[in-house]
Amino acid sequence: MVSPKILLIVGGGIAAYKACELVRLVRKGGGEVTCVLTDGGSHFVTAMTLAALSEQPVHTTLWDLKNEAEMGHIQLSREADLVVVCPATADLIAKMAAGIADDLATTLLLATDKPVLAVPAMNVRMWQHAATVRNVATLRAAGVTVMEPDEGPMACGEYGPGRLPEPEAVWARIGRMLSAGASTGSSFAQPELVEGSVLLAAQPDFATPAHRPLFGRHVLVTAGPTHEPIDPVRYIANRSSGKQGFAIAAAAAEAGARVTLVAGPVSLPTPAGVERIDVETAREMTEAVKAALPADIAIMVAAVADWRVAEEAGRKLKKDGSGEVPALKLAENPDILAGLAKSARRPGLLIGFAAETHDVITHAQAKLARKGADWIIANDVSGDVMGGASNAVHIVTADGVESLPEMPKGAVARALVERIANAL
Ligand code: C5P
């Protein structure tokens with residue numbers, strides 16, 4: 001699998017510090033980043049910072065002869081799958097629109113044949129100035145993706161649109177542009193998340209700063225199976241892949257939430273903008289969930305093992321030749337969802353999952369009451385849902401049941417996040 005390559009051009013504005021976080025997110029998501037720092041940008045962040053975060057040399061000048069011999073600036077602009085300008089200052093945007101190439105960044109932007117994403121950050125008056133409006137329109141007409149800036153208080157003391165969107169939102173846009181191109185065959189996002197992303201691309205407003213319905217909320221998600229050790233080499237597990245929980249964490253982050261994902265042992269990439277805590281056992285998951293509180297919304301997707309081995313053997317169990325088999329005594333694991341429902345720090349919206357093989361809705365309704373959850377998302381796991389790419393769920397609440405058709409797990413996640421946002 002090939003990692004997608006991002007060429008990140010960091011312009012000169014106070015928001016340049018957010019570019020550092022963007023480098024971290026892209027790398028965490030499996031991408032490679034090469035940074036180009038403009039003269040202006042170097043007044044706000046150092047090449048050293050970007051080099052350390054990207055683990056790549058940072059390019060700052062057209063006139064580096066060594067670089068020109070080894071890797072021309074044309075090549076630098078073509079090696080990337082996507083060129084991202086973040087922050088894109090009014091000056092950079094103007095130069096891009098006019099086709100000016102008077103430094104390394106603008107030369108690369110003129111020379112590239114790859115998609116370009118510009119993430120503006122500037123004072124509100126500069127953003128609203130007729131010249132900038134014209135330049136942005138020119139760029140968009142030329143095929144450059146220009147994100148809408150966030151609205152809010154600015155470093156200069158004024159208020160309005162012009163703030164750099166949060167790095168998570170930029171990351172999400174990068175993910176969508178890459179998955180839309182899908183030319184890299186990359187491992188940037190798991191297939192479900194790519195599907196979710198394509199879905200988002202069809203509804204571009206959902207993840208824009210103007211509509212981030214979970215902004216300011218803390219969402220806690222558990223996902224994956226747990227492993228309950230028998231001895232140092234063996235464990236009890238289940239078939240949960242973690243895909244549905246990871247897709248939900250990704251969708252919540254795209255909707256602007258701060259997301260903590262407590263993950264059992266799975267091999268999935270961490271979704272953009274999500275803080276992931278890896279655990280193995282149900283008891284570790286319980287502790288990690290407690291430590292992550294308070295949360296506004298908790299979505300317990302993990303297939304937590306009901307039982308663990310009462311006494312884990314300190315050494316590998318061995319056959320002794322007698323033909324006798326060891327008897328495993330089991331102990332019940334804590335029910336994380338039910339415990340959370342009773343706790344003083346119960347999240348305002350508490351959602352559980354119910355994987356059933358028969359009488360799906362009846363069991364889910366019983367579980368709603370028994371566990372003290374607000375919603376139970378019931379799914380029929382009699383087919384190959386566990387580990388599969390799609391899911392058909394029923395949202396069971398005190399008010400009734402809404403059944404969704406079978407769809408990719410990313411789309412299920414989006415649908416759920418939309419309903420959560422509406423419920424708030
Ligand atoms: O009882 P059952 O395992 O079917 O309940 C499923 C729901 O309860 C899921 O939301 C799951 O994450 C949660 N659960 C839990 N702790 C357990 C068992 C299940 O949080 N020990």
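Me: Which atom of the ligand is 2.7 Å from a polar backbone atom of Ala-302?
Reply: An oxygen atom of the ligand is at that distance from Ala-302. It is a polar contact, meaning a pair of N or O atoms within 3.5 Å. This is a predicted model, where local features need pLDDT of at least 70, side-chain atom pairs count only at pLDDT 80 or more, and totals for chains, interfaces and linings use all residues. Residues are numbered from 1 along each chain as its sequence is written, and side-chain values use heavy atoms, with hydrogens and water left out.

Me: What about Met-300 and Ile-336?
Reply: A polar backbone atom of Met-300 lies 2.5 Å from an oxygen atom of the ligand. For Ile-336, a backbone N or O atom is 2.9 Å from a nitrogen atom of the ligand.

Me: How much of the ligand does the protein bury?
Reply: The protein buries 87% of the 450 Å² that the ligand exposes when taken alone. Those areas come from the Shrake-Rupley method with a 1.4 Å probe.

Me: Which residues surround it?
Reply: Among them are Val-304, Asp-306, Pro-334, Phe-353, Lys-367 and Lys-371. The shell divides into 7 nonpolar, 1 polar and 4 charged residues.

Me: And which elements give two or more residues to that shell?
Reply: They are α13 (336–342), β16 (349–356) and α14 (360–371). Helices (H or I, at least four residues) and strands (E, at least two) are DSSP runs, numbered from the N terminus.

Me: What is its volume?
Reply: The largest pocket has a volume of about 950 Å³. Of its 38 lining residues, the closest to the centre are Ala-302, Ala-303, Val-304, Phe-353 and Ala-355.

Me: What about the second largest pocket?
Reply: About 350 Å³ of space lies there. Of the 20 residues lining the second largest pocket, Ile-14, Ala-15, Ala-121, Met-122 and Ala-155 are the closest to its centre.

Terms used:
Near = heavy atom within 4 Å. Polar contact = N/O pair within 3.5 Å; in protein donor to acceptor, adjacent residues only side chain to side chain. Nonpolar A, V, L, I, M, F, W, Y, C, P; charged D, E, K, R; others polar. 1 Å grid on protein atoms, 1.4 Å probe; cavity = no way out; pocket = protein on both sides within 12 Å on 5 of 7 lines; lining within 4 Å. Points joined across faces, edges and corners; volume = space filled by probe spheres on them.
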